Amino acid sequence: MAEAAIELKGISKNFGSVRANRDIDLKIAPGTIHGIIGENGAGKSTLMSILYGFYQADRGEIFVNGERAVIHASNDAIARGIGMVHQHFMLVHNFTVLENVILGAEGEPLLKTSIAKARSELERLERDYGLEVDPDAVIEDLPVGLQQRVEILKALFRGADILILDEPTGVLTPAEAEHLFRILRQLKDEGKTIVLITHKLREIMAVTDNVSVMRQGALVATRKTEETTVEELAELMVGRRVLLRVEKGDAHPGDFVLSVKNLTVEDMRGVKMVDDVSLDVRAGEIVGIAGVAGNGQTELLETITGMRKAVSGTVTLDGAPVELTGEADPTDLRRRGMAHVPEDRHNMGLVLPFEENENAILGYHWQDKYVNGPFLDIEAIRRDAQEKIEKYDIRPTDARLKTANFSGGNQQKIVLAREMEQDPKVLIVGQPTRGVDVGAIEFIHKRLIDMRDQGKAVLLVSVELDEIRSLSDRILVMFAGRIVGERGPDATEGELGLLMAGVEEKEAAE
Amino acid sequence: MDLFNTLVLLLDSTVRLSVPLLFAALAGLYSERSGVFDIGLEGKMLAGAFAAGAAAAVSGSAWVGLMAAVLVSVFMALVHGFASITHRGNQIVSGVAINFIAAGSTIILGQAWFSQGGRTPLVGAAGRFGAIHLPFADALSGVPVLGPLYSQLLSGHSLLVYLAFLLVPFTWWVLFRTRFGLRLRAVGENPAAVDTAGISVQWLRYRAVICTGVLTGLAGTYLALAQNAGFVKDMTAGRGFIALAALIFAKWRPVPVMFACLLFGFLDAFSIRIQGTPLPLIGRVPVQFMQALPYILTVVLLAGFIGRAIPPRAGGVPYVKER
């Protein structure tokens, strides 16, 4: 057998008291796509950052193509032919594609000749790998899918034979992700070695040859992809059996709680983002809105929750209208029983530098139980936060910890705990499990079903079709701002996929 | 013809007055483009002026003065770098500290060394950067219109004036046509991109603040040894801040920086010119108003006319590798 492209022996790394990587041994065969899967915080990114020279391992050795490699900084890794596509792109937003590609690999002190050389090299790479991007386009004008291509081109331009991709599909639409996978397979055929870090089981099954599973800093197993199953991998990731399909009883819908009638919303340019949408949510049911990201779901949520101005239409909450001027009083809406888990928890759901207990009451801080005359009742707030931490299994269990130090899944649980514990009439949830690990997804899904069974009306928007299908009692599909179809929970993926792609009802029926 | 002569004189002093602004603003450009904000331009310029005055007074040589100014100013820039790059301190606090240190220490050292109330002894002609007369300046001065323009406006300045204006295209060339410039601009926008490309963010930023130090040293030298014949306490008189205003005004671009400095230099020259002379309709304008005009103009223009000045995205933020 050929030398391993990468071999790690006994890699360990601690951050303070956190053991991010524990004694990791890993071999990656050349010319393969090797998946590394694990929950958030399992140590995947840390391991790859050590390989790329971003961090130094406390112990352990790295071998690249059979040779022992000492990697102190990124340029050591680059010199060994290792390239990395980071989860958050390492691009300069106001530079052109070409400038970004040559940055750090200019060759000579003056740009003129290096740019000319890079241009022809870039054109060759784009042609060879089907990675078309305009070399003179400015990064901030490009959609994320193309920005990612630039990252791949950057690595290839530096002569990378081993390409590490850290959660590459987090920002991509399903179609873009599919295109990426095609590119990865092509790179593999050219003899490149690819390491794919992800927490999405589906991607591992779709594209990898081998897969290694990480859990709590340790590498727990390596399998040939064709010899394993989604269930086995999920179990290895969380260390116990995971229900990928939520168990739930029948819904018992009651009165109409939330009604949206002929709602139309335009963006700043006057383009219709929500086009004549009507929907009802009854107490005790979950209505799911499926759709590819960017088809008006965000605008719909923001309008219903009073943050965005509507052009026409009405929204009624428990019989009374919701102000649609874009300046509705959020406290008033909360008093009337509307709870909202926003899509973007970092910018809208949480104040990351705040302590956990402060975020746990944000927006509800005016309530009698949290105040003492004009002052906040710190004792009560912390006690309350601690209760939620236990009830929602938020880890670490420290209510005084800065929110930014919680993992994505736990941050989401903080938001959910805050909104669900207010005993709302209607719960509006956007992307409840975006960037959340498998264990937490299961928990969040169960809590949503609980809310339904307690007789709350739940409006769920998600781009994860599996999530919509397993939670919803009714599924609405949104495309180009309109609701293009309604289906029951037993609708097939293919059927919904066609609707999501904008294929008309009649055609879909054929 | 009288009006024309007045105008030429006015433009001539505009050029002279805008030179220290231009050195300082270009100095700030290097640092801020790399993501290190620098409100210590004033202090570095002042320290440079003192060093230039002191060294020239002692040695009698303008070039020794210039070297001393650059060394002192670079040293202070490195202090700012050490605080804000190596130790990731607050760049504004560090810059303010530099300004105070310069304001205080120049007076104390000046008094201790020369006992002239904080000023340095006057230097002779050899200790100054004198005027350079371009060829045929005298011969051509009689030619109508072009003559005065050439002999008054273009000719008769010190070496540093020509250097300052040559630095404008040079800075543009460095910034947009060299590897160093590409990396400098990149590190001011997204240092993580530079780091992952295998380049040291810290070393790059240090080189940028060294450039700043050299240029503020030149600004100080100009004040002490070209515009004057020695150091006078507080002789920068807020020029470091006006230069900063010019830099923002010009959106951190070299050529607009030059025009902004010329504009502020013109206002300065104009205010000196009309001091005490009543203007038609308005009457006598208080000097203080004219002195405040650059700042007022910056606020007004930035507020409405030239659009938002967007600073380098990573400006003011120390680079920390994310976990």
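1. Helix α7 (residues 159-177) of chain B packs on helix α12 (residues 254-273) of chain B at an angle of about 155°, and their axes are 8 Å apart. The axes are lines fitted to C-alpha atoms, for helices over the stretch in contact, with angles from 0 to 180 degrees between N-to-C directions. The pair α7(B) and α12(B) is therefore roughly antiparallel; the cut-offs are under 35 degrees for roughly parallel, over 145 for roughly antiparallel, 65 to 115 for roughly perpendicular, and oblique for the rest.

2. A contact means that the C-beta atoms of two residues, placed from the backbone, lie within 7 Å. By class, the contact of α7(B) with α12(B) has six nonpolar residues, one polar and no charged. For the classes, Ala, Val, Leu, Ile, Met, Phe, Trp, Tyr, Cys and Pro are nonpolar, Asp, Glu, Lys and Arg are charged, and the others, Gly among them, are polar.

3. A ground rule or two before going on. Residues count from 1 along each chain as its sequence is written, while chains are lettered from A and ligands numbered from 1 in the order in which they are written. As the model is predicted, local features need pLDDT of at least 70 and side-chain atom pairs count only at pLDDT 80 or more, whereas totals for chains, interfaces and linings use all residues.

4. Another pair in chain B is helix α3 (residues 62-86) of chain B with helix α10 (residues 201-227) of chain B, whose axes come within 7 Å and cross at roughly 145°. Here too α3(B) passes α10(B) in a right-handed crossing. The contact of α3(B) with α10(B) has 16 nonpolar, twelve polar and one charged residues.

5. Chain B overall: 13 helices and two strands. Its radius of gyration is 20 Å, close to the 20 Å from the globule rule for 323 residues, so chain B is as compact as a globular protein of that length. That radius is taken over C-alpha atoms, and the rule is 2.2 Å times the number of residues to the power 0.38. The C-alpha trace of chain B spans about 70 × 50 × 40 Å along its principal axes.

6. Chain A has 18 helices and 22 strands. With a radius of gyration of 25 Å, close to the 24 Å that the globule rule gives for 510 residues, chain A is likewise as compact as a globular protein of that length. Along the principal axes, the C-alpha trace of chain A spans about 70 × 50 × 50 Å.

7. On to the domains of chain A: domain 1 (6-238) and domain 2 (256-352 + 406-509), with bounds from an automatic or database domain assignment. The C-alpha centres of these two domains of chain A lie 34 Å apart. Their contact takes ten residues from domain 1 of chain A and nine residues from domain 2 of chain A. On the domain 1 side, helix α8 (residues 230-238) of chain A gives the largest share, three residues. That side of domain 1 of chain A has four nonpolar, five polar and one charged residues.

8. Within chain A, the axes of helix α4 (residues 111-129) and helix α5 (residues 144-157) come within 11 Å and cross at roughly 115°. That makes α4(A) roughly perpendicular to α5(A). The residues in contact are E121(A), L122(A) and L125(A) of α4(A) with L153(A), L156(A) and F157(A) of α5(A).

9. Two backbone spots deserve a look. The R395(A) to P396(A) peptide bond is cis, with omega near -5°, and P396(A) sits in the loop between α13 (378-391) and α14 (408-420) of chain A. N262(A), not a glycine, has a positive phi of about 45°; N262(A) is in strand β11 (residues 256-266) of chain A.

10. Last, the chain interface: 18 residues from chain B meet 23 residues from chain A. On the chain B side, α8 (179-189) and α9 (191-196) of chain B are the elements giving two or more residues. The chain B side divides into seven nonpolar, four polar and seven charged residues.

How values were computed: Helices (H or I, at least four residues) and strands (E, at least two) are DSSP runs, numbered from the N terminus. A crossing is left-handed if the near helix is turned anticlockwise from the far one by less than a right angle, and right-handed if clockwise.
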